[in-house]
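Hi,

Here is the structure I said I would pass on.

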Amino acid sequence: MESGAYGASLAGGAFDLASFVKQPQTITRFWSWIFSIVVFATITGEGYINKSTKEDAKCMFNENDSACSYGVGIGVLAFLASVIFIMLDAYFPQISNAKERKYIVTADLVFSGVWTFLWFICFCVLTNQWSNTTDTAAVAADAARAVVAFSFFSILTWGILTCLAYARYRQGVGNLDQDYRDPASDQNAFPQPYPPYPSSGPEGYQQSPFTPNQDRPAEYQPPTY
């Protein structure tokens, strides 16, 4: 049986694009990547308005610049993280070291869990600030609602990624220990020792194979002329 670790073979298989695209974490990361682009791009492009009564541009969410900055920061980091983890998922089957796979899955689990919580905070902050915005006619209302909606969608996608990473982490080293045998206790791991050298002496005594032969050759006799 082929051993596996954290969802892939330990042997280090080749990259299969068709199966990679169909993986649940790949699809979910793609949508997380799209949602993050919508959030930070919308805030950057339409999130700040210039009023005639004020010199500086203000955030469309109740003129709270911190809300817009938070949404842009979370969105940009989520965008970069999605790209990095997609690349790691593509390279994952080629990693034969179980410890390296564990580090990647652990990082995925921690980051996905943290970003799920941060997207939840972003959704709550933006929803609260938008509900307190009084002058909605001067701002792009559709853009604000889109940012709030896609912040909520990001909670779902990153929550799914957290569950998938947790399932891979629990899977751990799947079949690594099933086919393992301790060489010290396996009688077939090493060949049997050689049979003892045949004894020519009394019982219990074994003649050394390096003992010189007692039958010496005759002494040399020079020829007579």
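A word on naming before the notes: helices (H or I, at least four residues) and strands (E, at least two) are DSSP runs, numbered from the N terminus. Please keep in mind that this is a predicted model, where local features need pLDDT of at least 70 and side-chain atom pairs count only at pLDDT 80 or more, while totals for chains, interfaces and linings use all residues. Residues are numbered from 1 along each chain as its sequence is written, and side-chain values use heavy atoms, with hydrogens and water left out.

Now the overall layout. The protein chain has five helices and four strands, and along the sequence they come in the order β-β-α-α-β-β-α-α-α. Of its 225 residues, 30% are buried (under 20% relative accessible area; exposed is over 50%, partly exposed in between, with a 1.4 Å probe and protein chains only). Taking contacts (heavy atoms within 4.5 Å) with a separation of 6 or more, 75% are between residues 24 or more positions apart.

Next, the loop between β4 (58–59) and α3, which is where Asn-62 lies. Asn-62 has a positive phi of about 60 degrees, although it is not a glycine. Glu-63 is in that loop between β4 and α3 too, and Glu-63 also has a positive phi of about 60 degrees without being a glycine. For context, most residues other than glycine have a negative phi. Asn-62 is partly exposed, with a relative accessible area of 31%, and Glu-63 counts as partly exposed at 28%.

On to the helix pair. Helix α3 (residues 65–91) packs on helix α4 (residues 98–131) at an angle of about 155 degrees, and their axes are 10 Å apart. That makes α3 roughly antiparallel to α4 (over 145 degrees; under 35 is roughly parallel, 65 to 115 roughly perpendicular and the rest oblique). Axes here are lines fitted to C-alpha atoms, for helices over the stretch in contact, and angles run from 0 to 180 degrees between N-to-C directions. On the α3 side, the residues making the contact include Tyr-70, Ile-74, Phe-85 and Leu-88; among those from α4 are Asp-108, Phe-111, Trp-115 and Trp-119. By class, the contact of α3 with α4 has 18 nonpolar, three polar and one charged residues (Ala, Val, Leu, Ile, Met, Phe, Trp, Tyr, Cys and Pro are nonpolar, Asp, Glu, Lys and Arg charged, and the others, Gly among them, polar).

Two threonines are worth a look as well. Thr-162 lies in helix α5 (residues 141–171) and is buried at 18% relative accessibility. Leaving out residues up to four places away in sequence, Thr-162 touches Leu-109, Ser-112, Gly-113 and Thr-116. Its side chain makes a polar contact with that of Thr-116, at 3.4 Å (a pair of N or O atoms within 3.5 Å; within protein, one must be able to donate a hydrogen and the other to accept it, and residues adjacent in sequence count only if both atoms are side-chain atoms). Thr-162 and Asp-108 are 54 residues apart in sequence, yet 7.6 Å apart in space, C-alpha to C-alpha.

The other one is Thr-26, in helix α2 (residues 24–46), which counts as buried at 10% relative accessibility. A polar atom of the Thr-26 side chain lies 2.9 Å from the backbone oxygen of Phe-20. Neighbours within four places aside, Thr-26 is in contact with Phe-20 and Val-21.

Cheers
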